[in-house]
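Please have a look at the sequence and the model before I go on.

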Amino acid sequence: MAPPLQPLRRLRETSGPSRRSLLAGVAALGALGAAGCSRVPTASTTDGGDLLDRLKAAGVVRLGIAGEIPFGYIDRNGELTGEAPELAKVIFKRLGVDRVQPVPTEFGSLIPGLNSQQFDVVAAGMYVNPERCEQVIFSDPDYQMLDSFIVRKGNPLGLRSYADVVEKKARFATGTGYAEIAYAVEAGYEEGDMLIVPDQVAGLNAVEAGRVDVFAGTALTTREVVKKSAKAEVTEPFKPIVDGEPHVDGGAFAFRPTETGLRDAFNVELHKLKESGELLRILKPFGFTEDEMTDLTAKELCGG
């Protein structure tokens, strides 16, 4: 994701296969998936779009993924999984589409790939924000996310917010393309003074080695990565400040702007899963907890 940095869904990973190896592993599958769906027409001509009807007829929906754990990836057995694909399997089954096929791409290519009809929906846990809402339409979020810090055991500097990092002049790290870059800058931290590392595993290593005092990431990924650490711990989740107000991010599925019919049908099933508690059951294996369940709407996060 190129500058200027925005509070966007970041490139997030947990320990396990690297992003590069995951993408390499799914490339062939994605190509086959796209080819296998070539019989599906690529243009909607009715109000609200007719993509859902066409997907039902084809029996398969193409999911744009970015090879990111735990959001959407191919596991060591070659199976598509992650919080978004597993949720997509359930919802599209209810909508009358029996199969899902992955189409892998870089995270920054998900929206262009969707709008150029390389796949039918983005299933990558993408954050909803006003900039993206000008390019695609979103379902309501299936999860919300706060930030937290990886710090040395005992949190010796007492770092619990970006303001604390600035005040204590702490050595700060976060990941490539992470929204936390923008959050720290808004708090007054100089971007040029940050250590930017590939992911939270590298961030944990930097904290354990004493190269930095703090690594900022999402509450989910930071708590997962420190589980086996004897030297580091994770702080309590907190809301970053965006435009002077506490902010909560929410991740959702993205659709082409013409496909409001599919988006609306998807939302109906999503809200049924929320009300029944089944949504948490689907997401829980990927580290999500009750704290990540949300009633946020895409309208709220789009700024309108």
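How many of the seven residues of strand β5 (residues 121-127) are buried? This is a predicted model, and in it seven of the seven are buried, so that the strand is mostly covered. In a regular strand the side chains alternate between the two faces of the sheet. Here Val121, Ala123, Gly125 and Tyr127 point one way from β5, while Val122, Ala124 and Met126 point the other way, and all of them are buried.

Let me turn to the neighbours of this strand. With β1, strand β5 pairs in the parallel sense over two bridges, and Leu63 stands opposite Val121 in β5. With strand β15 (residues 249-255), β5 pairs in the antiparallel sense over three bridges, and there Met126 stands opposite Ala252 in β15.

Leu63 also brings us to the largest nonpolar core, which has 40 residues and in which Leu63, Leu87, Phe92, Phe253, Leu262 and Phe288 have the most contacts. Apart from this one lies another core, of 19 residues, including Ile111, Val128, Val136 and Ala254. If we leave aside residues up to four places away in sequence, Phe253 touches a list of residues that includes Val121, Val122 and Ala123, and also Leu87, Phe138, Asp142 and Phe266.

Now to the aromatic rings, of which a search of the whole structure finds 13 pairs. One of them joins Phe71 and Phe288 edge-to-face, at 6.4 Å centre to centre and with 80° between the planes. This pair links distant parts of the chain, 217 residues apart, since Phe71 sits in the loop between β1 (60-65) and β2 (73-74) and Phe288 in the loop between α11 (278-283) and α12 (298-302). Phe71 is buried, with a relative accessible area of 1%, and Phe288 also counts as buried, at 1% relative accessibility.

Why is the pair of Phe149 and Phe238 called edge-to-face? The centres of the two rings are 4.9 Å apart and the planes stand at 65°, so the pair falls into that class, because planes over 60 degrees apart count as edge-to-face. Here too distant parts of the chain are linked, with Phe149 in strand β8 (residues 147-152) and Phe238 in the loop between β12 (232-234) and β13 (241-242), 89 residues apart. Phe149 counts as buried at 0% relative accessibility, and Phe238 is buried with a relative accessible area of 10%. Finally, ring pairs join Phe149 and Phe238 with Tyr162, Phe172, Tyr183 and Tyr189 into a cluster.

Methods. Residues are numbered from 1 along each chain as its sequence is written. This is a predicted model: local features need pLDDT of at least 70, side-chain atom pairs count only at pLDDT 80 or more; totals for chains, interfaces and linings use all residues. Side-chain values use heavy atoms; hydrogens and water are left out. A nonpolar core is a set of buried Ala, Val, Leu, Ile, Met, Phe, Trp, Tyr and Cys residues joined through side-chain atoms within 4.5 Å. Buried means under 20% relative accessible area, exposed over 50%, partly exposed in between (1.4 Å probe, protein chains only). Contact means heavy atoms within 4.5 Å. Rings of Phe, Tyr and Trp (its six-membered ring) pair if their centres lie within 6.5 Å; planes under 30 degrees apart count as stacked, over 60 as edge-to-face and the rest as tilted. Helices (H or I, at least four residues) and strands (E, at least two) are DSSP runs, numbered from the N terminus. Two strands pair if DSSP finds at least two bridges between them.
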